[in-house]
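Let's take a walk through a protein together, one stop at a time. Have a look at the sequence and the 3D view before reading on.

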Amino acid sequence: MSRIPTDDDELEMEELEDLISVNTQSSSAVGSKASSNNQSSPSEAAAKMLSTASGLLSANTKNKFLSLALLIAVTFFIFVSEGELDVIESAKTGVSDTELKVGGSVDNLLQPEPEQPNVVDASPDPTNVLEDPKKDSTPEEPKGVTDTEQPKEDSPGENAAKDDKDSTVEAPADVTKTANESAEEPKEDKPAEEENTPTNDETTPKDDEAKKEELIAKWGKWGFWDGAEEIRPKEDYCGKYPNRDISENDFPEDAWQTDAVYVNHYLDAAANIVSRAMEAIYEEYGHTREGLDAHGRVERAKMFAIHMVDFEKDGLPNIDLLEGGGWTTKKSFEGLVRRLLHAMMTNDTFTVVLGGHSAAAGHGNHFHQSYMMQFHKVLEPIFNRLGVKLITRNIAQGGLGTLQGALGSGSIYGNEVDVIVWDSSMTEKSAAHIDLFERQAILGGNRAPFLLGGDANIMKALHENADADVGQFGSGLIGIAETIDEEQVNTLPWAAQYLKCNAQNNDLCRNPNIRFRTKCWVDRPDVTPPTNQKAHPGGQVGWHPGFRSHQLTGRVLAFTILKALQDAINVWSEVTITGGHPLPDEYWHVTDYYKNIIEKTRNLDPSVGSCHDMRNDIPERVCSIALKGRTEYTPRANPDETSLTSIIKPTPDGYIPKNEDELLYDGEDVRNPALEIPEDAIDVHAILLNRRKLENLKVVEDVSTAEEVHFNNGYMGKIENRSFARPESTMLRGPTNGIVSRTLEESIVPGNGWEVNGVPPGNCDGTYSAICGRSKKSDCLLYGHMDNRGGIIGNAYSGWLVMNLKDLKEGIIIIKIETWHKPEESLRTKGWTEVNNGQRYLDGYGMTDDTHRRLEGLPDTLFFDFAIDGKVTSWNKDEFEENRRIPQRVPEIWTLLDDSEMAKKGESKDVELAIRMRGCARDCSFQVTHVYWA
């Protein structure tokens, strides 16, 4: 694990800077030549620097690594100054001599960020950032390497260039020039009554190319490419190993991971872009580095500082820690670093998922303004440059907790999640429900994710007993200046305005016209909405944070990942500078790491945590067994594969319910001024892309056409085109675990009366680029949210709903049904007077019972039948209600099978599940929303 610099380091580095500053003036980069008579010659400067470095190396100093790096850099300087290495390398690779630095300039070693005790400093860490954030040393483009040139697969700096004709999406390699030197006045916000209704004219950008050059001049640009791309292996050589954990000895000979020069350049560029992102975020909130001494940098770092908690020594973390970046443990943070190293070493995905309530989802704001999408918007360009596909899913849902998603976590949230965020404190107070969320996240997928957010007692228990990686993100408000009045607020940076008010002026910060910035529609010539569009979406209520709050939370989350990336780069650099390449397996392999956490979670004693407190609502075994799930709720991961319709068996005439709602239009939305920031405000996303990027729906496309990235296109193509065959039933008869019922014998034939209800059109997977919900009925087409409670609706006339459940092994089947729907919602059975509208698929149930009136609650005449591989169990109304469980305010669930004996057999089989209602005509309109099984 990389070492965080301390105050002693700061003093020692300042001493080193004083000793060599006069000598470094002779050259702006390694390989530079003296250009005037008043400069020292390269050899003279190098000799002085060599003497200084050697002395520091031999002294009793804590910075031996830095001194060694300086010594190497000076030796390299001497060699280059003699005119040899630059000529050799330029002839070999076509790369200019200014790009040949491995460790960066000497100036890079002179800017450490001091550390608070027991705090991960959230500032750029110059012990692993190999260029001075204040220097702009962007290399010249070498001959033969252009903005549109694309390297081959599986190596950093490769696959995004081909489509980037104007290079407008470059991500820079230099670290930021951090100072806000002129202390520009932020653009004044519009009056409160206009704040929530931006116009097209207010944020019209300058010429894009001019803005790009302006951003590059201040912040630098990405300057990495592969000089030997033609020799790189073309196959996905990591893909044949579990979790892509290829052994260090099995990398192909010419793989980029084994190329020391290549990797050093890659790490240099990676360190620079990470540091630049951090500095841009600090400046966005008015905290520039320029002019700060060591104490000032410590104070600045508090805004995003991650406190290291020792549960054994300190107990539960203090709530005050949440005013900054939050808390984690040393082991957990190292686990996060390991996950990032793995993703970079193997060109893998890195997935972050949110489960939560309406405030977390971002209701009242545009979907892209939610904090998860703000997180994604900052980090996606960086991850793409590093060869990692960042996937961010906002799967929070209004008015609900997380139970309905947690029960099928591996399916609904995804089975390859690296970080999962819980944020549902308003709707989920029970520690047992939070424990279930955390455990199913660990058990349900191929990866054991970092658990971010939740009950501190639960996280402590899982960390200590299952080695789970845990933490809690903070608010960042400790670094936000207070808004005092409408005149003073205009002196604050735009991003920091109206975020923090005292009790006397709190109405100013809570004013919805200021807190929200939305626009439901922007006229365009090719689309005319058939439904009148509102000015603003609903949900702009007091308990929903506004767009600035979401942006700040997104920055806090991003800083946690940036700091871990910084440590990952540092580890990689420190280990390989002496041990060689590739990076040894012990630092980045994850298979055994995940297995340990999953196995310990599966075998936790019932006394640990609170999950087993739910034993009266769900089978107790669910606390240690991963459930599969299918649903029509959105958003969810892989919507086509995780829908209920994907497991429904067709009727004899081939009917399967499908979503009849269609997108009004496809493709990107036009520019929405509500999503843009004032021209003179700091735009972190634009800085990372080297241009003033107009907001649209496809950030992924922005970066996928970037000029130089490090990406394995072949592997990612396989991920994006995954498909799963629909399972075929192989009959398995199992007991119903003593459920009081009557058993009927008859054939099970799918009915024609079921239909999809309440499901939005489009690809509703919770990601930034997804297009979802642009229905003809929508009155706010630009809202972007995917939060809907859809299902398969039917009644007593609908017949059997038959579903195929694949790989039932543990003997558990749970179903979630909404019983409160109205008869008129079932459009397919409108006018029907008998089952399947008289189509005789089965004998004896073509009854007419329109005379039954709807009583309070469910009709007394209701019968609920379910069949598992043809064995039918029938509950009357009382039995149906007795078996119903309502563990939270909304969800109603029924356990249809809990057979522990089946689990002992160790066999995995496909089963057929069927349900139907009888005896209540259209009065019992039930909507099936979820099916879970294990």
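Which cysteine does a disulfide join to Cys611? The partner is Cys623, with an S to S distance of 2.1 Å. Keep in mind as you look that this is a predicted model. A disulfide is a covalent bond between the sulfur atoms of two cysteines. Both ends of this link sit in the loop between helix 20 (591–602) and strand 9 (628–631), so the bond ties together parts that are twelve residues apart in sequence. The angle about the S-S bond of Cys611 and Cys623 is -90°, and the link is left-handed. Cys611 is buried, with a relative accessible area of 0%, and Cys623 is buried too, at 1%.

The count of disulfides in the model comes to five. Now turn to the one formed by Cys520 and Cys780, whose sulfur atoms are 2.0 Å apart. Cys520 lies in the loop between helix 18 (512–515) and helix 19 (547–579), while Cys780 lies in the loop between strand 12 (755–757) and strand 13 (788–789), so this pair ties together parts that are 260 residues apart in sequence. The torsion about its S-S bond is about -90°, so the disulfide of Cys520 and Cys780 is left-handed. Cys520 counts as buried at 0% relative accessibility, and Cys780 is buried at 7%.

For a link of the other hand, find Cys501 and Cys509, joined with an S to S distance of 1.8 Å. Here the torsion is about 75°, so the disulfide is right-handed. Cys501 is buried at 16% relative accessible area, and Cys509 is buried at 9%. If you number the bonded cysteines along the chain, the disulfides follow the pattern 1-2, 3-8, 4-5, 6-7, 9-10.

Next, let's look at the nonpolar cores. In soluble globular proteins, nonpolar side chains tend to be buried together. The largest nonpolar core here has 90 residues, and Phe350, Leu379, Ile382, Leu565 and Trp572 touch the most other members. Residues that Trp572 touches include Trp256, Tyr266, Leu341, Met344 and Leu583. A second, separate core has 36 residues, among them Ala796, Leu805, Cys920 and Val931.

Our last stop is a lysine. Is Lys816 buried or exposed? With a relative accessibility of 2%, under the 20% cut-off, Lys816 counts as buried. Lys816 belongs to strand 16 (residues 812–821). Among the residues in contact with Lys816 are Gln404, Tyr633, Glu892, Gln927, His930 and Tyr932.

Key. Residues are numbered from 1 along each chain as its sequence is written. This is a predicted model: local features need pLDDT of at least 70, side-chain atom pairs count only at pLDDT 80 or more; totals for chains, interfaces and linings use all residues. Side-chain values use heavy atoms; hydrogens and water are left out. A nonpolar core is a set of buried Ala, Val, Leu, Ile, Met, Phe, Trp, Tyr and Cys residues joined through side-chain atoms within 4.5 Å. Buried means under 20% relative accessible area, exposed over 50%, partly exposed in between (1.4 Å probe, protein chains only). Contact means heavy atoms within 4.5 Å. Helices (H or I, at least four residues) and strands (E, at least two) are DSSP runs, numbered from the N terminus. A disulfide is a pair of cysteine sulfur atoms within 2.5 Å. Lists of a residue's contacts leave out its neighbours within four places in sequence.
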